[in-house]
Structure formats: structure tokens, C-alpha cells
Amino acid sequence: MLTQITWAFLYFRFMAIKEYDVFVIGTGTAGKTVAFDCAAEGMKVAIADNREFGGTCPNRGCDPKKVLVGITEAMQLSENLKGEGIVSVPKISWKDLQKFKCEFTDAVPASTEKKLKEAGIEMFHQSPKFLDENTLSVEGKTVKAKKIVIATGQKPMELKIPGRKHLKVSDDFLELEELPESIVFVGAGYIGMEFAHIAARCGAKVTVIEFEDRPLGPFEADIVSHLTKASEELGIIFIFNAKVSEVEKLQKNFRVSFEKNGKTESVDARMVFNTAGRVPSIDDLDLEKGNVAFEKRGISVNEFLQNTTNKSVYACGDVSASGALPLTPTSSQEARIVSLNIRNGNHTKMDFPPVPSVVFTLPQVASIGLTEEEATEKGYDFVVEYKSVPKWFNAKRINDEVYAYKTIVDKKRNIVLGAHIIASEAGEMINLFVLAMCGKLTTENIKAMIFAYPTWGNDIKGMV
């Protein structure tokens, strides 16, 4: 016979279970897009995040990074034109720069929460854990949802080496109150390269240690070679083909040991950053209890971005193993697909157009489509045009010595298979190749267009 206390316990336990149509895990670009869409259709929606609301990009990623890059662009342009009308190069105040950056980041969490509240979306400030396929535990509460969306993004990959506790990550770099006089970046991917350029231009002695034989492995090798040279001229020291083995705390510095050519070597610096890459942020979710399949790249999904084992779960953004590049624009696209499929049933399949990628170093490196190596592997019959063109007007007028491109064109159809640029405005230029590739324009179509002159965009007519 149940006692009164037992009845009360059971009553409050089951009364405490909240039910939702959609529960979203993650408040970044992907997660909040799905939440807003579903709430607008009258669904009961909740969203959770164990960090500040708004996600990586506006809080601790793309946006604040680009603010820091902006001031170094002004400095670099002055450096290029010193003696050509510019008398002296300005000095950078790191403290003032960080204060300026905060004007973009400080308001993001509160603004995001305000908009979610206005949309009638219930918020939780903790990472949920799966209890079963449709049940989660969050903030000590049990919740059930017809659909669960995982949009937790990525986090820095842990380097499992002695002394890893001494390693800082990208979040720490963006919050530095003072820039140390010397820095080691472990990893020469886009985060490591972008931060290395920022730090070097702001006065730090920078060393980059990379496991491979060059930076930016996925990008076109010929184009990256120009960036490597420009980075070295900036004062950045590269140590390639090196595997970091240990980080030791010294009296003032840290010592980073690495294996290279069968020997152990080391370099000292005031601060060491792990920029070796990012991995899906899924460790805290107890996915096994929810029957949620996952893999190295993230949550396993089908063409509808629905989990392959738990049909109540969808995944979008960087945490999804969809095969798309982990970028903010692709996260938005995946969120749109998940939103439509939750609201209308699985009718919208994942079908991405060509996706551009930009490294915001100075100069910028931008890429879309196939590299020459990939085009060869896929068996295309193609023609390559690769040129270094610092004498073209747009580079020459700002005294920029680095400007090169490589385009890969299908011989049969005469359309662009890939475009790769290193230039001051490569990030803007690559968007014109997006239009050309999405529209399947021939090289004749591109050349026949009339662009404003003299602009960087007009230069693409000379690249095909």
C-alpha cells in the first residue's frame, strides 16, 4: 500500500515532466533559427545552452575575430603605403581594440534571450542529457519532446599530451586583456593562421607549429604557398612536420616540446594556444541513452538531416555529420532544412550549392569548389590557370605585393569547377564565383558581363 509521502513523490515527479513539440539544444545560428521558425508556427518550443546564449559566431568566433582583423587591415594598408603618401604607420592599442570588440559581443547573450522570450520559447541554461529517445534531463527537470534538435556546434579538440592544462584556446585569445610578447600556436588551420596574423601585427613574436608540411591543408597548395611566404615576411616562424609532445611551465614562459625528424626539439613562449582543430560538441549529451547515432564528424544524419537511429532527433550546424563545411552560412542552410522537415514532414533534402570558404589573414585566402588535386581525382578533363598578378591595378594601387589566383575550368562544359584566390579582398571576390558556379555560367558568360571598374570584382573576368 502506497503511503501519502510516496503518492506525493509520484505526483510531483510526473507533474514536473514538461512536454514540448520541439526541444532545441544549442542557441547558435542553427539552433535559434529552428526554434524561431517552429515557435512562429504555434509549436511549443524550448531551447537550452550551457554557455552564453547566441552561439560561437557572434560571441567568441567569426564576428569578434573579424573586428580584431579590421584594425590590422588599417595598419597593413598604412604599412604598404608608407612613403607613398603615408608618413608613419599607426600603433595598435590592444586594450582599446578589445574594448571596441566588446561593443559587438557584450550585448549578444541578453539580446538573444530577449528575442527568444518574446517568441514564447522557454529557455534552459544547461546542457541536457538524454534519458531515452524522447526524454531529456535538464536543470534537474525531466522534459519530453516530440522532436529534439541537436545544434551544439563544435569545441576545441583536446591535445592529449602532458601539460595540456597549460594550453589556451581561441576563446582565451579573444578575451586577452594584454597581448603577450611571445606566443606559440599549435596548429596552422584557419583559426591558428588568423590569430597568428593578428598577434604578429599587434607586436607579438609568433611561432606556429604544424603537424603537416604546410598551413591550411584543405586549401589549394599553390595559393597557400604565397600566404606562407607573406607570413614569414611578417615575422611568423613556422615549424612544419612537427608533432607537439609536451608543454611545461617555466618561471615566466612555457616550453613546448615537439618531435621533428626523429628528434625532440622545443620552443619557449609566454603563452601557448591550441589551434589544432575543432570537434563536435557532444560529450555531455549521453547520446547512447537516446539511441542517437554519432561518428567522428558529429551526429549521424540522413539526407533530411534526421538522425539515422533515432527518428525524433535532427542535427544541424557544425555538430551535424552532413558533410558540409562547418561554417556559419552552411549552419543557416541546414537549420532551414531541419525547420522545414520538422514543420512539414521530411520533404526537403540536403542539397548544398557550392560553398565558399575564406581565411581572414592578410592577405585573405578564399576558395570555392574543387582544388586541382580533387579535380584530377574525380576524373575531370579540365584546364588550369594559375598566375601571380601583383602588377594588376588593384594590388598595385595599394602597393600590395601578394595577389595570385588559380581557376579550374571544365573543358567540355566551359564552366568553373574551382576558384582559389589570395588577395586583400579575396573574401569579396570569391562571392562572384559563387554566383557564377551556382548559375553554371560559362567563362564566356563571365567575360561578357560588365562590372564596375576599377574594382576587385572586375578582376575575375581576367581569371577565367
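These legends describe close-up views of a predicted model. Because the model is predicted, local features need pLDDT of at least 70 and side-chain atom pairs count only at pLDDT 80 or more, whereas totals for chains, interfaces and linings use all residues. Residues are numbered from 1 along each chain as its sequence is written, and side-chain values use heavy atoms, with hydrogens and water left out.

The strands follow the order S19-S20-S23-S22-S21 with antiparallel pairing, where two strands pair if DSSP finds at least two bridges between them, and where helices (H or I, at least four residues) and strands (E, at least two) are DSSP runs numbered from the N terminus. Strand S19 (357-359) and strand S21 (382-388) are the edge strands, each pairing on one side only. On average, neighbouring strands of this sheet are turned by 5° against each other, direction ignored. Helix H13 (residues 426-438) packs on the sheet and touches S19, strand S20 (364-369), S22 and strand S23 (416-423), and its direction makes about 170° with that of S23. Contact here means heavy atoms within 4.5 Å, while axes are lines fitted to C-alpha atoms, for helices over the stretch in contact, and angles run from 0 to 180 degrees between N-to-C directions.

**View B. Strand S22 and its two antiparallel partners.**
Strand S22 (residues 404-410) is joined to S21 by seven bridges and to S23 by six bridges. Val383 stands opposite Val409 in S22, and on the side of S23 the bridge partner of Ile408 is Gly418. S22 and S23 form a hairpin with five residues between them, and Asn414 in the turn has a positive phi of about 60°. In a regular strand the side chains alternate between the two faces of the sheet. In S22, Ala404, Lys406, Ile408 and Asp410 point one way, Tyr405, Thr407 and Val409 point the other way, and all are buried, a word that means under 20% relative accessible area, with exposed over 50% and partly exposed in between (1.4 Å probe, protein chains only).

**View C. Ser388 in strand S21.**
Ser388 is found in strand S21, and its bridge partner in S22 is Ala404. The two residues, Ser388 and Ala404, are 16 residues apart in sequence and 4.1 Å apart in space, C-alpha to C-alpha. Not counting residues up to four places away in sequence, Ser388 touches His226, Tyr403 and Ala404. Ser388 counts as partly exposed because its relative accessibility is 46%.

Strand S4 (residues 129-132) and strand S5 (residues 135-138) run antiparallel and are joined by three bridges, with Ser137 in S5 as the bridge partner of Lys129. The hairpin from S4 to S5 passes through two residues. Four bridges then join S5 to strand S6 (residues 141-150), again in an antiparallel arrangement, and the bridge partner of Val138 in S6 is Lys141. The hairpin of S5 and S6 also has two residues between the strands, and there Glu139 takes a positive phi near 55°.

Rolling a probe the size of a water molecule over the atoms shows where empty space is left. On a 1 Å grid over the protein atoms alone, a cavity is a set of points where a 1.4 Å probe fits but cannot get out, a pocket is an open set with protein on both sides within 12 Å along at least five of seven lines, and lining residues have an atom within 4 Å of a point. The structure holds one cavity of 30 Å³ or more, and the largest cavity has a volume of about 50 Å³, a volume being the space filled by probe spheres set on the points, which are joined across faces, edges and corners. Its lining consists of Pro156, Ser170, Ile191, Asn274, Thr275, Gly277 and Arg278. Ser170 is found in helix H7 (residues 170-174) and is buried, with a relative accessible area of 9%. Leaving aside neighbours within four places in sequence, Ser170 is in contact with Ile191, Phe195 and Arg278.

**View F. The second largest pocket.**
About 650 Å³ of space lies in this pocket. It is lined by 23 residues, of which Gln76, Asn80, Arg201, Leu362 and Asp400 are the closest to its centre. Helix H4 (62-80), helix H8 (190-201) and helix H9 (221-234) are the elements that give two or more residues to the lining, and the largest share, six residues, comes from H4.
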